Amino acid sequence: MSDNENKPKKEKTPITKNKLGKRFITIGILLFPLLGSLFIVSVNSNKLINEVLSIPLLIIAVFSFLLLITGIIFVIKDRKPTGRKLKLGFRILIGFLATIYIGGAVTVVTVLYVPSIGFKDWLITTAMTTMNHQYFATWFYDDYTIEIVQENNQVIESGEDSNPDLIVITEPDFNRTTFENKYEEEILTKDKDNNLYKIIDIVRPSFKGKLAVIYDASKVKVANSQGVGTTLSNSYGQYIETISKNNKAIIAMNGGGFYDPDWNSTGGVPHGIVIANGKLIANNSKPLSVGGVIGFNSENKLVLARISAQQALNSGIRDCVEFGPFLIVNGEASFVKGNGGWGQAPRSAIAQRKDGIVLFLVIDGRQAGSIGADMNDLVDVLLDYGAYNASNLDGGTSSVMTLNNKIITNPRNGNFQAKDRPIPNAWILVE
């Protein structure tokens, strides 16, 4: 008989309620927060999680919760004191990690779906205005919720067109020693030996950017890509640095929007009406339900108007694009409901003060230290610097400003990379 046959067989140790309870608690802690959160997401949107999975998720979540409760009861009833410090320290660590895990799940769900926090409005309006990141909204919210949020966040324009007669172009008084406020002082304190323009750094709590102050409105023009056209297959946009160089621009800022199906066009077909030096460049369909023609007339006054291409030409518009919304008309700001419906992103805007000084504004976004601006932010900055008429321009990846053919802002594309993109046209300052 072998030695192995003489050895007594070990009896299996029965699983106590304490051990079983700990296993139940572990399973419950791992499954319930995750499945519960996924269930809440599934009932709010079926893009990330198919609605067919809602019921199985709920059943498993409830089962894991019951396991958790049962495990706690088992452990309490069969609790055995231990004096092993290592075991106690390990338990504290596990408890800490479990608290972080459960707290994180609860926090994510709370932030996503509790209206009073405001994150839902920010996420939906920001995501839905991007080119390729709308899934950040559609993953977590259904179409009805997205529609309601967008209705509650929009720019409500006055419905009026600008009145050029209210703009009185005067020579800037660079010899002033008293000013209404610090913004007026920044505008009218010129750079040394430069009577044509000034660049002001914009620094606010959540965003940064550049404001170009242009003292002579007659030097502001629309410049177009050399490949601008009417069909996607036969046209192309150009980077703003190229447009600037081709047109001998001192300052350049992106202009109107463009057709971009599937977000992969070359930016060569502009939206709406485009006029350059009195010549009609494009007369395509209007890009937005808000805004309209943004252009300078023969008197070098910024005109914001809802007019046709022919009406624009007949009224003496020399350079224009079409976009919106109009932010300030005849000194009155549009009513910005919520955050304006455009979220926080890179932004561009053009404005004119009552004394004729033109403002180019570009706000950086999608980066640390400058998440971007919403419509309220644009209005606030422009009003601070005395804008009398102002309009939003194309934003996002298109938002960029150059000085002497070099980018002076910090553009970001939809993937948060430091890149701009080809565009059909730009506002420029020339000698």
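**Close-up views of a predicted model**

View 1. Phe136 is classed as partly exposed, at 31% relative accessibility. The coordinates shown here and in the following views belong to a predicted model. Tyr135 is likewise partly exposed, its relative accessible area being 29%. Both values fall between the limits of 20% for buried and 50% for exposed residues. Tyr135 and Phe136 belong to one aromatic cluster together with Trp139 and Phe140. Across the structure there are eleven aromatic pairs. In the pair made by Tyr135 and Phe136, the ring centres are 4.7 Å apart and the planes meet at 40 degrees, so the arrangement is tilted. The distance of the centres and the angle of the planes are the two quantities that describe a pair of aromatic rings.

**View 2. Strand β8 and its two pairing partners.** Strand β8 covers residues 292–297, and six of its six residues are buried; the strand is therefore largely enclosed by the rest of the structure. Strand β10 (residues 317–323) runs antiparallel to β8 and is joined to it by six bridges. Within this pairing, Val293 lies opposite Glu322 of β10. Strand β9 (residues 302–305) also pairs with β8 in the antiparallel sense, here over four bridges. Phe296 has Leu302 of β9 as its bridge partner.

**View 3. The hairpin turn between β8 and β9.** Four residues separate β8 from β9 in this hairpin. Asn300 is located in the turn and adopts a positive phi of about 65 degrees.

**View 4. An open sheet of five strands.** The strands follow the order β4-β19-β5-β17-β18, with antiparallel pairing. At the edges are β4 (220–224) and β18 (406–407), each of which pairs on one side only. Two bridges connect β18 with strand β17 (residues 401–403), again in the antiparallel sense. In this pairing, Thr402 stands opposite Ile407 of β18.

View 5. Ser398 is placed in the loop that links β16 (387–392) to β17. Its relative accessibility is 4%, so Ser398 counts as buried, the limit for this class being under 20%. When residues up to four places away in sequence are not counted, Ser398 touches Asn254, Phe258, Arg421 and Ile423. Between the C-alpha atoms of Ser398 and Leu123 the separation is 20 Å, and these two residues are 275 residues apart along the chain.

Notes. Residues are numbered from 1 along each chain as its sequence is written. This is a predicted model: local features need pLDDT of at least 70, side-chain atom pairs count only at pLDDT 80 or more; totals for chains, interfaces and linings use all residues. Side-chain values use heavy atoms; hydrogens and water are left out. Buried means under 20% relative accessible area, exposed over 50%, partly exposed in between (1.4 Å probe, protein chains only). Two strands pair if DSSP finds at least two bridges between them. Contact means heavy atoms within 4.5 Å. Rings of Phe, Tyr and Trp (its six-membered ring) pair if their centres lie within 6.5 Å; planes under 30 degrees apart count as stacked, over 60 as edge-to-face and the rest as tilted.
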